[in-house]
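Work through the exercises below with the structure open. Each task is followed by its solution.

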Amino acid sequence: MRWRVVLELAGADGARQVHEVGASERSPAGHTAATLGLGLEEGKAILAAVQRHLVGAQVDQHCRNRRRCDRCGEQRPLKDLRPRRLVSLFGVVAVRAPRFGPCRCGIACRRSLTPVAEIMPGRCTPEYERVVAAMGAALPYRRALALLGEFFPPGGAPAVETTRQRTLRVGARLERAALAPSQPPAAAPEAGAIALGIDAGHIRSVRSHRVRSFEAIVAQVGGAEGKAAVFGGVPAEADRQQQLRGVLRTLGATPSTPVTILSDGAEGPRALGEAACVGPTSHVLDWFHLAMRIQHAAQAAKGWPAHTPGEREEGARLAEAVERIRWRLWHGRVRRALDLVGETLARIDAMTEAAPVAASKVAALLRGLETYVSAQADLIIDYARARRIGEPISTAATEGTVQWLLHRRMGANQQMRWSPRGAHLMLKVRTAVANGTLAADHVAAERWARRPFRPAA
Ligand SMILES: [Zn+2]
């Protein structure tokens, strides 16, 4: 069987162009699974050919239209033709960009004109830019490019550095758009209550930077109607409280909206949350952070030696004590929880000889818990009750968000090192991806694109 794919282009003037964009032959004898339908390479080649002819025809049409003088209808003189490339998801298209001199009538426009620059301002399609930014935000640039190349036609695939620049440029634009004073106040209805989970993570810095790592802030804001948005940024790089305030506003926060700020108790994130809120705030120690510490102690208690009935009994009592500590903290009984921690530590002290390794491990974790609970006592609430009445108690989701926003792409386990500015811009793209708003934000931020060419009059 032979087949061919033909592209037919019909211009406004009725002119038709026909291009063969793909053809192949399948052996008539014995089709196999591997020869059924289009293969990836054939598909890419067809897409690339369609794109090439389509872009070429559109560019031609645009240039023809623009060559005609608005005033007298004469053709402007051609000054020269320069090669230009348009990078798109469906391949790189090379076009010849004519430059037209001013019309001889000299009235309408005295400048030269490069019509192609008007329709290819970024030298890549906005769609391509957005997809590259989204992929570059999700994966190391090299892998993002490899993955793009897997499914889309190649042809001058961009260098890793180009991808990096494009991604960060999109981040910079998203930030400018978010800060733009002309941005209308969000039309979100006034929210009843808002939970703001705020946390910090660390990013490895480039070697030229004066410190080994720097802090990034990630916040998750949840409104009453289950609407949520994440926010991320590097404190040193932005007026973060203004940006975070913008996020709160889009979720309907007004000066009278109470905001519960959930944190691990650290001063930096708490202060930022406080500063970003315009209404009344209350601070709550995130149950997630507390529960993690209790969980570590519970795990260590489970590791108590169990060779003799006596050891097994001791281990069971210890595990039970930790459970009771957990219960007391869950109900906000800080004093009683600390008393029980003290009693348990005293009992472990008496058992150090019997099981020195296990005892010191459990004791160390309980002491850590004791210190933490004592320091954050003011922020510990009756979590059981709060949960019953639907008040926020945890930013486990924020922790997951921190994981995703920072660590998957930017954490210490990743090879890449970041400058605070680069990390900040990357976070702008990543939060847009996480919020599902990248496509809309990218379109909205288009006017902040610094293009090499301005559309000519
Ligand atoms: Zn003219």
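**Exercise 1.** Identify the residues through which H10 and H11 meet, and classify the contact.

Solution. On the H10 side, Val334, Ala337, Leu338, Val341, Thr344, Leu345 and Ile348 take part; they meet Ala359, Val362, Ala363, Leu366, Arg367, Leu369, Glu370, Val373 and Ser374 of H11. Contact requires C-beta atoms, placed from the backbone, within 7 Å. By class, the contact has 12 nonpolar, 2 polar and 2 charged residues (nonpolar: Ala, Val, Leu, Ile, Met, Phe, Trp, Tyr, Cys and Pro; charged: Asp, Glu, Lys and Arg; polar: the others, Gly among them).

The model is predicted: local features need pLDDT of at least 70, side-chain atom pairs count only at pLDDT 80 or more, and totals for chains, interfaces and linings use all residues. Residues are numbered from 1 along each chain as its sequence is written.

**Exercise 2.** Determine how H10 and H11 are oriented to each other.

Solution. H10 (residues 334–350) and H11 (residues 356–375) pack at about 160°, their axes 10 Å apart. Helices are DSSP runs of H or I with at least four residues, strands runs of E with at least two, both numbered from the N terminus. Axes are lines fitted to C-alpha atoms, for helices over the stretch in contact, and angles run from 0 to 180 degrees between N-to-C directions. H10 is therefore roughly antiparallel to H11 (an angle over 145 degrees).

**Exercise 3.** Give the strand order of the open sheet and find its edges.

Solution. The order of the 5 strands is S7-S6-S5-S8-S9, with mixed pairing (a pair needs at least two DSSP bridges). S7 (228–233) and S9 (281–285) each have a single partner strand, so one side of each lacks a neighbour in the sheet.

Key. Parallel < 35°, antiparallel > 145°, perpendicular 65-115°, else oblique. Contact = placed C-beta atoms within 7 Å.
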